[in-house]
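Visitor: Hi! I'm new to this one, could you walk me through it?
Guide: Happy to, here it is.

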Amino acid sequence: MSTKEQISRVSISLSPSILHELDAMVVKKGYASRSQAIQNILHQELMACRQENGDELMAGVIILFYNNAATNLQQKLAELQYENLAEVISSLHVNLIRRQTLEVLLVQGKVEKLQDIADQFITLPGVISGRLHLIASLIPPVHEKGRELTLDMEAS
């Protein structure tokens, strides 16, 4: 059963220059409407506000771009992942040209802890750049106490 979220209408006043920029952005990015663009902008700002609360539980990714020839870097990255096993759900790395790697870590936990983990990764020698990006949703638990794991092993 799907529940349809109710939409509320609001009215905002904008200066002509901001309205012109908004309309240009709607066209450039391909939004269906001004409302869609404004909703996206508000969502991003609300997420930034939620991230200021260090106790908020969120999911997201840590994106790392690094030189994989840096001494012991891959070992340090692996150790940090193991040290934070409760928050680091999985990782994917892609080898790029010039011995560089793009790595994406899927994370979930309290914002303050996730920021601390991201800072530890990003500040390692050999990491060229990195970023934490959080979303306002959570990954469902794979196993819950009292809930049996059932797998459909039959081919369809």
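Guide: What follows is a short chat about the fold, a salt bridge, a surface patch and the pockets.

Visitor: Before that, what kind of model is it?
Guide: It is a predicted model, where local features need pLDDT of at least 70, side-chain atom pairs count only at pLDDT 80 or more, and totals for chains, interfaces and linings use all residues. Residues are numbered from 1 along each chain as its sequence is written, and side-chain values use heavy atoms, with hydrogens and water left out.

Visitor: How many helices and strands are there in the chain?
Guide: The protein chain has four helices and four strands. Their order along the sequence is α-α-β-α-β-β-α-β. Both are DSSP runs numbered from the N terminus: helices are H or I with at least four residues, strands are E with at least two.

Visitor: And how much of the chain counts as buried?
Guide: Of its 156 residues, 23% do. Buried means under 20% relative accessible area, exposed over 50%, and partly exposed in between, using a 1.4 Å probe and protein chains only.

Visitor: Which residue forms a salt bridge with R34?
Guide: That's D23, and the closest N and O atoms are 2.6 Å apart. The term means a side-chain nitrogen of Lys or Arg within 4 Å of a carboxyl oxygen of Asp or Glu. R34 sits in helix 2 and D23 in helix 1 (residues 16–29), eleven residues apart. A search of the whole structure finds one salt bridge.

Visitor: Why does R34 count as partly exposed?
Guide: Because its relative accessibility is 42%. D23 counts as partly exposed too, at 28%.

Visitor: New topic: which residues make the nonpolar surface patch?
Guide: I63, L92, V94, L96 and L102 make it, and it covers about 370 Å². Patch residues have over 30% relative accessible area and no salt bridge; like charges are joined within 9 Å, nonpolar side chains (Val, Leu, Ile, Met, Phe, Trp, Tyr) within 5 Å. L102 belongs to strand 3 (residues 100–110) and has a relative accessible area of 32%.

Visitor: What volume does the largest pocket have?
Guide: About 580 Å³. Of its 15 lining residues, S8, V10, S35, I38 and Q39 are the closest to its centre. On a 1 Å grid over the protein atoms alone, a pocket is an open set of points where a 1.4 Å probe fits, with protein on both sides within 12 Å along at least five of seven lines; lining residues have an atom within 4 Å of a point.

Visitor: And the second largest pocket, what's its volume?
Guide: About 170 Å³. Helix 2 (34–51) and strand 4 (127–135) each give two or more residues to its lining.

Methods
Grid points are joined across faces, edges and corners, and a volume is the space filled by probe spheres set on the points. Accessible areas come from the Shrake-Rupley method with a 1.4 Å probe; for residues, only the protein chains shown count as cover.
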